[in-house]
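Work through each task before you read its solution.

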Amino acid sequence: MHLTLLTLSLTLIATICFAKSPYQSVLQHSRIRGRQHGPNVCAMQKIQGTDKKYFTNCKQWYHRKICGKPTVISYECCPGYEKLPGEKGCPAALPLVNIYNTLGVVGAATTKMYSERAQLREEIEGPGSFTFFAPSNQAWAALPNEILDALVSNVNIELLNALHYHMVNRRLTSEDLKHGSAFPSMYQDFNLHIHHYPNGIVTVNCARLVKTDQHATNGIVHVVDRVITAVTNDVHTFIDTDDDLETLRNAVAAAGLTQMLESDGHYTVFAPTNEAFEKIPPEMLNRILGDPVALKDLLNYHILKNMQCAESITSGTPLETLQGTVLEVGCDGADMTLNGKAIIQKKDQLGTNGVVHYINELLIPDSAKTLLELAQGSAVTTATKLFVDAGLGSHLSGSEALTILTPQNEAFKEGVTMTGDLKKLLKNHILKEQLSSGSLYYGQELETLGGIKLRVFVYRNSLCIENSCIVAHDKIGRFGSMFTVDKVLTPPMGTIMDVLKADNRFSLLVGAIQTAGLTELMNQAGPHTVFAPTNDAFSALPKADLNKLMSNPKELASVLKYHMAKEILVSGGVGSHTRLKPLQGDKLELNMRNQTVYINKVPVVEADLMATNGVVHAVGAIIKPLRKSNRFTVHEDRINHLTLLYITYCIILQLSFQLCLVLSLCPPAPKVDREQI
């Protein structure tokens, strides 16, 4: 039995791992989806309203979308097979004939016709071992008339050269088409550039292979979705010779990137046009163009480390730039998108060392922005306006190394107006050095422009500066950093006793602390967290009980110490099940519900009254220990051998499923009506 389970699991893993390349992985997945319709049947996904078809991967199969558009499932013969009348599926291999005749049966009849016109027929019918990247019938139909006319009008030279550029003088299967490889074509040995992407798409000079591995007696045919042209220029030449990229050309030279764009590589350049630069406010643009560091970051943000043809994109994918951050490259129907925007005007301008896509909007990374620019257009517009109104705009737009704590819009009350106190408070939201949240540590003190020190608190799921907790990723600008926080900062003002004495709600508590002899403790360095009962909390006790408690300093001290802990816990550090050890008694149980903190089921009526030696949370009732509930105890010392085996089997299946996700081979989807083969 044990051997059977293990064998089953290993067989599942071996089946998943069968595919050798991303393309083979996707093809295998399509075979699995189509096998119910007979042998050698592949499931295909066709984008509705187009002729574009794809072998299906796991994600596309479940979502039924490619480039955000719905797809229709069809079932077709897998590459190299055909149907037989009266038989299920595609049981017969395609007849093995020469390349010329193969073109006629794989959807490349137009290429076959032009091959005869260009007197290429004899060559591709005769002996040899060729690879022909044959444009589909639709690819020829999509070619602009002026280009097609120029080719056809000079069939003996232009058309023959064009067809020879689609050929390699050796047999190349899809397994040979490695990512980043190049093969000399039969036209003056100009290279054909191959890219084999993780999603299974294979391109040659950015043309997608739509039918692969169509074997012939004298070679192999791969059908592609466009007519490809010879590549002779590098990426920089595109930029250097196009007047529409003049501003970009000057910027590249100023940033010292010319040599890189002329060197060997596999770059993707999103080239902003002159129009894109003109959309930027002149003051901001001139500042960036005049700052070599910001300019280099700006340009590197437009360059990917890898070559990404438009046809390789089937969904949004984060891709790393030379600047170090990522762009989300995606698609929306026929449009290629950047960070969700369809701003690409011209796609797939292929060079010898990469590809250029023209864009009509400049991409400005955070690292090229001032603090004021970082804050604009985000969820902190209220804070940004208040900083400017408080006269702090020069700090945010200058070159000082600062960090700004910007509360979210919802942290402010409606109709907030500028006052002297608010100006002082906002000044304490600006720290005197540029920081990243990853460098902060518990107990660290940060000095503000207002001259006070703020403390850092690190909790399991939150990072807080005083009462304000960071709720978004850092924005690291040219000179400063921006931390988005959940609350307006409450700087510490005096000791815990000072905080309690300054608030009339705690007059009874102040008297109780003095009676219990805890005044000195509340003035000591701490750290302390005090859950402070309000006057209403004391008044809610029966009068006799209250009098008895107040007349017994020892018992009173015991009750009060149950409301105190020797650490600082702000509300942002409270999770779903947080425990806190009080100075006396059993642990306190804390949780957060509907933005309210509860301690032993007692709600906090006001949180985060910050003190120099701790924090005070006002509570509306005296906190009492929770009743202990009886719990079943589970003894785990007698797990039998069968249970252990079952756990092992489940782990293997889980690993199989994870591997399945990686290779896009997932379990069957729920049954739906689909087009039959």
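**Exercise 1.** Find the residue that stands opposite Q45 in β4.

*Solution.* Start with the pairing: strand β1 (residues 41-47) and strand β4 (residues 69-77) run antiparallel and share seven bridges. Strands here are DSSP runs of E with at least two residues, numbered from the N terminus, and two strands pair if DSSP finds at least two bridges between them. Now look across from Q45: I73 in β4 is opposite.

This is a predicted model, in which local features need pLDDT of at least 70, and side-chain atom pairs count only at pLDDT 80 or more, while totals for chains, interfaces and linings use all residues. Residues are numbered from 1 along each chain as its sequence is written, and side-chain values use heavy atoms, leaving out hydrogens and water.

**Exercise 2.** Work out how many residues lie between β3 and β4 in their hairpin.

*Solution.* First, strand β3 (residues 65-66) joins β4 through two bridges, and the two run antiparallel. Next, I66 stands opposite K69 in β4. The hairpin therefore has two residues between its strands, and C67 in the turn has a positive phi of about 55°.

**Exercise 3.** Decide how α8 lies relative to α9.

*Solution.* Helix α8 (residues 145-152) and helix α9 (residues 155-164) pack at about 120°, with axes 6 Å apart. In contact (heavy atoms within 4.5 Å), A150, L151 and V152 of α8 meet V155, E158, L159 and A162 of α9.

Notes:
Axes fitted to C-alpha atoms, helices over the stretch in contact; angles between N-to-C directions. Helix = DSSP H or I, 4+ residues; strand = E, 2+ residues; numbered from the N terminus. Parallel < 35°, antiparallel > 145°, perpendicular 65-115°, else oblique.
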